[in-house]
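Reader: I am new to protein structures and would like to learn how to read one. Could you walk me through it?

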Amino acid sequence: MEISKDTVYITLSIAECLQMGYFRKGEFVNDAIEWKLEGRTVATIGFATDTRDPLRPYAVLSYTYNGTPHQKALKIKETPTGWAFICPITGKRCTTLYLVDGEFMSRYAPRPTLRQRALSNNERMGAGVLLHA
């Protein structure tokens with residue numbers, strides 16, 4: 001079943017990745033993340049992290065968006081308070097990435113479509129569903 005990008009918002013958060021054990025210091029972890037809506041899987045992504053080199057930790061996302069396969073490497077960084085993604089658009093640290101038009105980015109990325117989709121909970125009511133892994 002094809003889900004419209006206007007009704008489902010995919011997010012990837014550090015907190016949920018940590019909870020699932022995807023960030024293990026000094027290890028390579030390879031798994032898949034599922035997003036569910038009303039008990040049905042609506043999206044799946046291959047997710048790998050490699051923290052064996054403490055100077056160059058990274059994550060790799062493998063997914064298909066609108067029929068086009070993507071494989072994206074993301075920089076990740078260990079901070080004194082935990083892990084963070086490095087937004088591929090802004091280059092800044094963030095704890096949540098949003099899938100917008102086939103690309104994962106932070107809510108601060110300068111794209112009008114992202115600003116429309118990264119609304120607060122009150123603004124989002126009735127506008128769609130925000131899915132977390």
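Author: Gladly! Thr-79, for instance, has its place in strand S5, residues 68-79. Residues are numbered from 1 along each chain as its sequence is written. This is a predicted model, in which local features need pLDDT of at least 70, side-chain atom pairs count only at pLDDT 80 or more, and totals for chains, interfaces and linings use all residues; side-chain values use heavy atoms, with hydrogens and water left out.

Reader: How many helices and strands are there in the protein chain?

Author: The protein chain has 3 helices and 10 strands. Starting at the N terminus, their order is β-α-β-β-β-β-β-β-β-β-α-α-β.

Reader: How do I read the pairing of strands?

Author: Two strands pair if DSSP finds at least two bridges between them. Here, strand S4 (residues 58-65) pairs with S5 in the antiparallel sense over 8 bridges. Within that pairing, Thr-64 stands opposite Pro-69, and Tyr-63 has His-70 as its bridge partner. S4 and S5 form a hairpin with 2 residues between them, and Asn-66 in the turn has a positive phi of about 50°.

Reader: Which residue in S6 stands opposite Thr-79?

Author: That is Gly-82. S5 and strand S6 (residues 82-86) pair in the antiparallel sense over 4 bridges, and these two strands also form a hairpin with 2 residues between them.

Reader: What is the order of the strands in the open sheet?

Author: The open sheet has 6 strands in the order S2-S3-S4-S5-S6-S7, with antiparallel pairing. At its edges are S2 and strand S7 (93-94), each pairing on one side only.

Reader: Is Thr-79 buried or exposed?

Author: The general idea comes first: buried means under 20% relative accessible area, exposed over 50%, and partly exposed in between, using a 1.4 Å probe and protein chains only. Thr-79 has a relative accessible area of 12%, so this residue is buried. In the protein chain, buried residues make up 39% of the 133 residues.

Reader: And what does Thr-79 touch?

Author: A contact means heavy atoms within 4.5 Å. Leaving aside neighbours within four places in sequence, Thr-79 is in contact with Ala-84 and Arg-93.

Reader: How are aromatic pairs described?

Author: A pair of aromatic rings is described by the distance of the centres and the angle of the planes. Rings of Phe, Tyr and Trp (its six-membered ring) pair if their centres lie within 6.5 Å; planes under 30 degrees apart count as stacked, over 60 as edge-to-face and the rest as tilted. By this rule the count is 5 aromatic pairs. One of them joins Phe-23 and Phe-47, edge-to-face, at 6.3 Å centre to centre and 65° between the planes.

Reader: Where do Phe-23 and Phe-47 lie?

Author: Phe-23 is in the loop between helix H1 (14-19) and strand S2 (28-37), and Phe-47 is in strand S3 (residues 40-50), so the pair ties together parts that are 24 residues apart in sequence. Both Phe-23 and Phe-47 are buried. Ring pairs also link Tyr-22, Phe-23, Phe-47, Trp-83 and Phe-85 into a cluster.
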